[in-house]
Amino acid sequence: MRIFGVVSFVLASLCLAGCSSTSGVDALQMPSNETTSSVVRPSAPVSKVARTAVTERTVETASMSGAARIKPPAPLLDEANASPGDEDARPGDENSRPGDENSRPFGLAEEETVNFPASDLPDSAEPPVQEAALVSPPKRLSRAAPAMLAGPVTRYAFRDAKPINFGRASPRHLAVHGVDVSRWQGNINWQKLRAQGANFAYIKATDGGDHLDPMFMKNWRNADAAGLKRGAYHFFYWCRTAGEQADWFIRNVPKVDGALPPVIDVEWNGDSSCRRKPSRDKVLEKMQVFMDKLERHYGQRPIIYTSPDFYRDNLRGAFLDYPFWLRAVAAHPSKVYPGRRWLFWQYSGSGLSHGVSGRIDLNVFHGDERQWRAWLGGGGQMVADAD
């Protein structure tokens, strides 16, 4: 009986030992199905040949750190795959603040380089590593590009229904030509107008205190889309207060980076319902109120457009620190406005161009291409010398 008990005890001990040993081996051979919250188990092996741009950037980052693998911020992938039409919907860099040591100062070089998505690179090329891009999303180039990014100057190719021989002072000797337009030009093909030599366009926006040119916003958008530098002008009405007219212009003309300075068009208009001709002092007072209000709002000194008779009656010797845009279709401005410094010259009211039905006003900038770009880069703050 004792022997049977001993034998039973030994057999039971051997069975228990065998079960424990098998369980330990299985635990080492069977893979665990558990994952941590920070590691995602791939459903299939990752190919070493077909790597995405994000995978490559992650590898490069890990090699830079030498310790832990760092994943680039999610907006890098979104911006690389987004379409141009989504620019306005994408937020800016919310994590980058002026006091942040990881922030990079806003700069043109950064904007130009980070906009090329890595997916556009050849398969054999490794995408460049930009340390700042690994810290915060890249800054995008705004819709209104800085003025120094203006496109190449298109050479003069206009015709004129009533050409004038200006002799050696011909506007054709100047490099940068443009136009001014209003509702009377109808639907404009801005691409064709640009190809004809229109590098800039001043577009009629408002007159008086309650009239908006019905073609203004269409012309404003399409001129910009065609690559012209654009600005807006207001036809001053002598039977309304200057403050009302300034408010009306500001209400209707967007404040846009890269736009040309606003223009006040002052002249006597015999076709207007307003027959009032204020005194010279009153004219200058009204103009100053209007221009001060626009300058405060847009941050640019307005340009004064005028005609010979109005200038003779009111503007000789006035506003010497303001840029002038002068109408002179029969002789050079130096003969029509002696001693007056000018920035733009309207040399024809009978221009002809592809893209426009009928006639169009032709204008030219007082300077060469280098001076044009310098003026744009300075926000339009310059007064040209008189000839």
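Cys-274 is buried, its relative accessible area being 8%, where buried stands for under 20% relative accessible area, exposed for over 50% and partly exposed for what lies in between (1.4 Å probe, protein chains only). The model is a predicted one, in which local features need pLDDT of at least 70 and side-chain atom pairs count only at pLDDT 80 or more, while totals for chains, interfaces and linings use all residues. Residues are numbered from 1 along each chain as its sequence is written, and side-chain values use heavy atoms, with hydrogens and water left out.

**The disulfide**

A search of the whole structure finds one disulfide, a term that stands for a pair of cysteine sulfur atoms within 2.5 Å. The disulfide joins Cys-239 to Cys-274, with 1.9 Å from S to S. This pair links distant parts of the chain, 35 residues apart, since Cys-239 lies in the loop between strand 5 (229-235) and helix 8 (242-252), and Cys-274 in the loop between strand 6 (263-266) and helix 9 (280-298). Helices (H or I, at least four residues) and strands (E, at least two) are DSSP runs, numbered from the N terminus. The torsion about the S-S bond of Cys-239 and Cys-274 is about 85 degrees, so the disulfide is right-handed. Cys-239 is partly exposed, at a relative accessible area of 30%.

**Aromatic rings**

The structure as a whole holds 25 aromatic pairs; rings of Phe, Tyr and Trp (its six-membered ring) pair if their centres lie within 6.5 Å, and planes under 30 degrees apart count as stacked, over 60 as edge-to-face and the rest as tilted. Two of the pairs are set out here.

| Pair | Centre to centre | Angle between planes | Type |
|---|---|---|---|
| Phe-166 and Trp-345 | 5.1 Å | 85 degrees | edge-to-face |
| Phe-216 and Trp-220 | 5.4 Å | 40 degrees | tilted |

Phe-166 lies in the loop between strand 1 (159-160) and strand 2 (177-181) and Trp-345 in strand 9 (residues 344-352), so their pair ties together parts that are 179 residues apart in sequence. Phe-166 is buried at 15% relative accessibility, and Trp-345 is buried at 0%. Phe-216 and Trp-220, by contrast, both lie in helix 7 (residues 216-225), four residues apart, about one turn of the helix. Phe-216 is buried with a relative accessible area of 0%, and Trp-220 counts as buried at 4%.

Ring pairs also link a cluster whose members include Phe-200, Tyr-202, Trp-325 and Trp-375.

**Charges over rings**

The charged end of Arg-340 sits over the ring of Phe-324, 4.0 Å from its centre; for such a contact, NZ of Lys or CZ of Arg is within 6 Å of the ring centre and within 35 degrees of the ring normal. Arg-301 lies over the face of Tyr-322, at 4.3 Å from the ring centre.
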